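Subject: Structure for your files

Hello,

Here is the structure I said I would pass on. My notes come after it.

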Amino acid sequence: MTMHEHDQEIIMALAEGSLDPDSASRATAEIAGCADCSRELEFQRIALDALGNAPAVYLTAAESAALHDRLHRDLG
């Protein structure tokens, strides 16, 4: 028996719908054959749905300025 490799990138791409139809079809078939991958796909879809329904969050002007200052200092 060969060990199945869980491809997190493919699982995430399928969850977010960024695969072309042929790749999505192949990924769906492969993932369906693995309980761990199927569970991970479901978790990713739940997380994406929750994030999609969350309100947008932005930095305040002060937070943005502080972040830029820190980056300029750290990057020299």
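Below is what was found, from the overall fold down to individual side chains.

Please keep in mind that this is a predicted model.

Overall fold. The protein chain contains four helices and zero strands, giving the pattern α-α-α-α along the sequence. Its radius of gyration is 19 Å, whereas the globule rule gives 11 Å for 76 residues, so the chain is more spread out than a compact globule. The C-alpha trace spans about 55 × 30 × 20 Å along its principal axes. Of contacts between residues at least 6 apart in sequence, 60% link residues at least 24 apart.

Surface and charge. Buried residues account for 16% of the 76 in the chain. The accessible surface is about 6200 Å², with 57% of that belonging to carbon and sulfur atoms.

Salt bridges. There are two in the structure.

- Arginine 39 pairs with aspartate 36 at 2.5 Å, N to O. Both residues are in helix H3 (residues 35-53), three residues apart, about one turn of the helix. Arginine 39 is partly exposed at 40% relative accessible area, and aspartate 36 is partly exposed at 42%.
- Arginine 70 pairs with aspartate 74, with 3.0 Å between the closest N and O atoms. Both sit in helix H4 (residues 61-75), four residues apart, about one turn of the helix. Aspartate 74 counts as exposed at 52% relative accessibility, while arginine 70, at 47%, is partly exposed.

Regards

Notes
Residues numbered from 1 in each chain as written. Predicted model: local features only at pLDDT ≥ 70, side-chain atom pairs only at ≥ 80, totals over all residues. Heavy atoms only, no water. Helix = DSSP H or I, 4+ residues; strand = E, 2+ residues; numbered from the N terminus. Rg over C-alpha atoms; globule rule 2.2 N^0.38 Å. Buried < 20%, exposed > 50% of the residue type's maximum accessible area, 1.4 Å probe, protein only. Contact = heavy atoms within 4.5 Å. Areas by Shrake-Rupley, 256 points an atom, 1.4 Å probe, with all protein chains shown as cover. Salt bridge = Lys/Arg side-chain N within 4 Å of Asp/Glu carboxyl O.
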